[in-house]
Amino acid sequence: MAIRVYLDDERPTPEGWTRVYWPDEAIRLLETGNVVEISLDHDLCNDDRGTGYDVVLWIEEGVATQGFSPPAISVHSANPSGRVRMEAGIASIQRLAARNRS
């Protein structure tokens, strides 16, 4: 069962996506291996519970240390510095995943 995950605390959920509000919820779904695409916001209601960047870090670590096959990842955050940091992490994930495939 293919899942598309949308991590956000405010925006409406696009049709066909599964909405989560917190990084740990997104990670639980990623752990199932059924997530084919994930779209991340950076700033969530409570930074103590994490940000979208925490999900990027989790994926990056999984790809680097466990051969995790990452889904398509996009960022829909309005936070400019958060977006840049997340996109740098996604670029690293893509490099690691390409290395794992070769």
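How many helices and strands does the protein have? The predicted model contains three helices and four strands, where helices (H or I, at least four residues) and strands (E, at least two) are DSSP runs numbered from the N terminus. From the N terminus on, these elements follow the order β-β-α-β-α-β-α.

Residues are numbered from 1 along each chain as its sequence is written, and side-chain values use heavy atoms, with hydrogens and water left out. Because the model is predicted, local features need pLDDT of at least 70 and side-chain atom pairs count only at pLDDT 80 or more, whereas totals for chains, interfaces and linings use all residues.

The C-alpha trace spans about 40 × 35 × 20 Å along its principal axes. The radius of gyration of the protein is 13 Å, which agrees with the value near 13 Å for a compact globule of 102 residues; this radius is taken over C-alpha atoms, and the globule rule is 2.2 Å times the number of residues to the power 0.38. Of the contacts (heavy atoms within 4.5 Å) with a separation of 6 or more, 59% are between residues 24 or more positions apart.

The accessible surface amounts to about 5,700 Å², and carbon and sulfur atoms hold 49% of this area, as computed by the Shrake-Rupley method with a 1.4 Å probe, with only the protein chains shown counting as cover for residues. Buried residues form 44% of the 102 residues; buried means under 20% relative accessible area, exposed over 50%, and partly exposed in between (1.4 Å probe, protein chains only).

A nonpolar core is a set of buried Ala, Val, Leu, Ile, Met, Phe, Trp, Tyr and Cys residues joined through side-chain atoms within 4.5 Å. The largest such core has 25 residues, and V5, I38, L40, V55 and I59 touch the most other members. Two or more residues of this core come from each of β1 (3-7), α1 (23-31), β3 (35-40), α2 (52-66), β4 (72-75) and α3 (80-101). Leaving aside residues up to four places away in sequence, V55 touches L7, P23, A26, L30, I38 and L40.

Two loop residues were also examined. S69, in the loop between α2 and β4, counts as exposed because its relative accessibility is 60%. S69 is 42 residues from I27 in sequence, and their C-alpha atoms are 13 Å apart. N46 lies in the loop between β3 and α2 and is partly exposed, with a relative accessible area of 30%. N46 and R4 are 42 residues apart in sequence, with 23 Å between their C-alpha atoms.
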